[in-house]
Every structure is written in structure tokens, then in C-alpha cells.
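I open this notebook to record what I looked up on charged side-chain pairs and on model confidence. The entries follow the order in which I checked each point.

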Amino acid sequence: QRTLAVRRGSGQAGTMDLEAAAEELYAADPDDFVPARTALVGQARAAKDRPLAVAIGALKKPTRSAWLVNLLAHGGGDALGGLSRLAQKVAQAHRRVDLAELRQVSGERQRLLDDLTRRAVAAGVARGYSATEAVRSEVHGTLASAVADPAVLTEVLSGRVVRAQGYSGFGFPRGALPQPGASAGSPVGAE
């Protein structure tokens with residue numbers, strides 16, 4: 001695994017690999033992303049680690065809404081644990097084609113997404129950024145997509161969202177389509 005000595009804060013030297021560099025960059029304010037990435041690329045080059053420099057240079061700057069979602073993941077604690085658990089419940093309800101369960105998780109989904117959106121916006125305010133209504137809507141949409149799409153959920157949980165995601169709320173989440181012949185209320189594939 002490639003590592004890199006990085007200057008942190010008050011001149012302390014530390015080691016950084018691609019994962020640590022990405023974590024630092026995606027938790028930073030988007031206005032600081034490009035200069036911080038450039039500095040990390042320079043440090044990797046100075047350490048004569050061209051592959052690491054290229055990998056860090058390839059990291060994409062997040063939009064404001066993506067950054068707010070990333071702050072939830074980087075904030076510590078279990079802020080996004082509920083999102084993961086809810087995604088499992090929703091997928092399970094869709095697989096079973098259980099309308100009663102879908103109605104129940106729908107209310108839970110809305111409450112959780114509203115709460116997480118408020119938390120993300122508050123995290124931005126704590127860092128001096130006041131989100132517009134459009135940015136709030138993108139945060140909410142990205143979190144809603146995470147409930148429906150396992151790939152988006154993985155991105156959100158990793159704290160490496162680059163742009164807003166959207167899910168219309170119609171149809172079944174990816175991977176949760178009922179198979180032909182499955183009856184309502186029975187698990188998919190049950191015979």
C-alpha cells in the first residue's frame with residue numbers, strides 16, 4: 001500500500017495513503033479541495049510516488065450538496081447507520097412485494113431523510129456554509145437515492161459523494177425487482 005508523508009496542521013508529519021488523502025479531501029470545504037489536492041499531488045511527486053500522485057490527482061471535487069452528504073459520513077458516530085438499515089428494510093419489502101410493509105417504511109423513510117438532511121445542512125452551517133433550498137433538495141435526493149440504490153448507498157457511506165444523485169421514487173430499487181410469478185406477500189423466489 002502506498003503511503004505519503006503529509007504536513008498536517010501545526011507542522012506535524014504523518015503518513016498518508018490514497019484512502020487517507022481521499023478522506024481528508026472529501027471532508028474539506030469544496031473551496032479548499034483543489035488547492036489541497038494540488039498540495040497532496042505535489043507531496044506524492046516529491047516522494048517520487050507517481051502512481052499515488054496520479055490517483056490523488058484523479059479525485060473529483062464534490063459539489064456543495066455532495067460535500068454536505070459527505071460531512072454526515074465524516075462526522076463520526078452512526079449518523080448514516082439508520083440509512084443503511086432503512087435501505088435493507090425497503091429492499092426487503094420490495095422483494096416481498098409487501099404493500100403494508102412498504103407503506104410503513106415509507107413514513108420511516110421520509111422522517112429519516114428529513115432528519116439526515118437537517119443534520120447535513122447543520123454540519124455545513126457549523127463550517128460557515130448556509131445551504132440554498134436547491135442544495136437542500138439535492139442533499140435529500142442523494143440520501144433518497146442511497147435508500148434505493150446500493151451503489152449510491154456505498155458511495156454515501158464512504159463519504160466520497162462527488163455529485164448529487166436522484167431517484168424518482170417510482171418502481172423498485174435496483175436489485176429488488178420481483179420475479180415473474182411471485183405472489184404479493186411472499187418472498188421472491190419462494191415456491
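Which residues are linked with D31 in a network of salt bridges? I find that D29 and R64 are joined with D31 in that network. I note at the outset that the model is a predicted one.

Entry, the pair R64 and D31. I looked up the contact between these two side chains and found a salt bridge, with N to O at 3.0 Å. I then checked the accessibility of D31: its relative accessible area is 55%, over the 50% cut-off, so I list D31 as exposed.

Entry, the pair K89 and E108. Here too I recorded a salt bridge between the side chains, at 3.0 Å from N to O. K89 lies in helix 5 (residues 81–96) and E108 in helix 6 (residues 99–126); the two are 19 residues apart, and the pair links distant parts of the chain. Are its members buried, partly exposed or exposed? K89 has a relative accessibility of 34% and counts as partly exposed. E108 has 23% and counts as partly exposed.

Entry, the pair D115 and R119. I found a salt bridge in which the closest N and O atoms are 3.8 Å apart, which is within the 4 Å cut-off. What separates the two residues along the helix? D115 and R119 are four residues apart in helix 6, so about one helical turn lies between them. On accessibility, I noted 29% for D115, which counts as partly exposed, and 41% for R119, which is also partly exposed.

Entry, confidence. The protein chain has a mean pLDDT of 81, and 79% of its residues reach 70 or more. I located a stretch at residues 1–13 where pLDDT stays under 50; the model has 38 contacts beyond four places in sequence for it. Over residues 170–191 pLDDT also stays under 50, and I noted 30 contacts beyond four places in sequence there. Where pLDDT is low, the predicted coordinates should not be read in detail.

How values were computed:
Residues numbered from 1 in each chain as written. Predicted model: local features only at pLDDT ≥ 70, side-chain atom pairs only at ≥ 80, totals over all residues. Heavy atoms only, no water. pLDDT = per-residue confidence, 0-100. Contact = heavy atoms within 4.5 Å. Buried < 20%, exposed > 50% of the residue type's maximum accessible area, 1.4 Å probe, protein only.
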